[in-house]
Amino acid sequence: MTNQIVVAGAVIAGSAVLVAQRRRPPELAGRWELPGGKVMPGETEPAALARELAEELGVDADAVVVGERLGADVPVVGGMTLRAYRVGLTRGEPRPDDHRALRWATAVELPGIDWVPADRAWLDELITLLTFAER
């Protein structure tokens with residue numbers, strides 16, 4: 001069996017990144033993550049991320065611009081591998097369709113967020129990316 005890839009999007013606008021508060025499962029509910037989801041068979045990672053962000057954030061998939069990878073692969077329980085990508089939105093305002101809440105967070109705010117454990121792996125890269133964007 002092949003490893004399940006899960007993609008996460010660092011949706012960046014100016015010097016802030018969009019973070020999403022989980023509704024489920026109970027052990028992660030209330031914690032924050034980069035939105036995203038599983039790559040389906042035959043789907044590219046960028047296409048999967050555009051689809052997942054459209055489903056979770058209520059934006060048009062063709063408004064999602066998937067950029068370069070962010071950080072390293074993160075192995076997660078159950079034999080999955082989590083990968084993050086930098087993302088831009090060409091139009092639309094994200095809504096918390098699949099989450100409790102959404103918020104835009106700056107580099108200074110990121111360390112104080114109650115992240116899901118796997119997404120903490122990208123904090124240094126996110127902080128660097130957002131700090132560079134502030135200049």
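Q: What is the relative accessible area of Arg-69?
A: The model is predicted: local features need pLDDT of at least 70, side-chain atom pairs count only at pLDDT 80 or more, and totals for chains, interfaces and linings use all residues. Residues are numbered from 1 along each chain as its sequence is written, and side-chain values use heavy atoms, without hydrogens or water. Arg-69 falls in the partly exposed class, which lies between buried (under 20% relative accessible area) and exposed (over 50%), for a 1.4 Å probe and protein chains only. The relative accessible area of Arg-69 is 36%.

Q: Which side chain meets Arg-69 in a salt bridge?
A: A salt bridge needs a side-chain nitrogen of Lys or Arg within 4 Å of a carboxyl oxygen of Asp or Glu. Arg-69 meets that condition with an N to O distance of 2.4 Å.

Q: How many salt bridges does a search of the whole structure find?
A: For the whole structure, the search finds 14.

Q: How many residues apart in sequence are the parts tied together by Asp-98 and Arg-24?
A: The side chains of Asp-98 and Arg-24 form a salt bridge at 3.0 Å, N to O. Asp-98 is partly exposed at 26% relative accessible area, and Arg-24 is partly exposed at 46%. Asp-98 is in the loop between β6 and β7 (101–106) while Arg-24 is in the loop between β2 and β3; helices (H or I, at least four residues) and strands (E, at least two) are DSSP runs numbered from the N terminus. The separation in sequence is therefore 74 residues.

Q: What is the omega of the cis peptide bond that joins Arg-24 and Pro-25?
A: Pro-25 sits in the loop between β2 and β3 (32–33). The peptide bond from Arg-24 to Pro-25 is cis. Its omega is about -10°.

Q: How far apart are the C-alpha atoms of Arg-23 and Val-74?
A: Arg-23 belongs to the loop between β2 and β3 and is partly exposed, with a relative accessible area of 43%. Leaving aside neighbours within four places in sequence, Arg-23 is in contact (heavy atoms within 4.5 Å) with Ala-29, Pro-96, Asp-97, Asp-98, His-99 and Arg-100. Val-74 is 51 residues from Arg-23 along the chain. Their C-alpha atoms are separated by 22 Å.

Q: How far is Glu-56 from the nearest side chain of opposite charge?
A: Glu-56 is part of helix α1 (residues 45–57); it is buried yet has no salt bridge. Beyond four places in sequence, Glu-56 is in contact with Pro-35, Gly-36, Arg-95, Pro-96, Asp-97, Asp-98 and His-99. Counting Lys and Arg as positive and Asp and Glu as negative, with His and the chain ends not counted, the nearest opposite charge is Arg-24. Its distance from Glu-56 is 7.1 Å.

Q: What is the relative accessible area of Ala-63?
A: Ala-63 lies in the loop between α1 and β5. Leaving aside neighbours within four places in sequence, Ala-63 is in contact with Gly-88, Leu-89, Thr-90 and Arg-91. From Leu-28, Ala-63 is 35 residues away in sequence and 29 Å away, C-alpha to C-alpha. Ala-63 is buried, and its relative accessible area is 0%.

Q: How many residues does the largest nonpolar core have?
A: A nonpolar core is a set of buried Ala, Val, Leu, Ile, Met, Phe, Trp, Tyr and Cys residues joined through side-chain atoms within 4.5 Å. Among those with the most contacts inside the largest core are Val-17, Leu-34, Trp-122 and Trp-115. β1 (4–13), β2 (16–21), β5 (64–76), β6 (80–89) and α2 (123–134) each supply at least two of its residues. A second, separate core includes Ile-5, Val-7, Val-11 and Val-59 and has 14 residues, whereas the residue count of the largest is 23.
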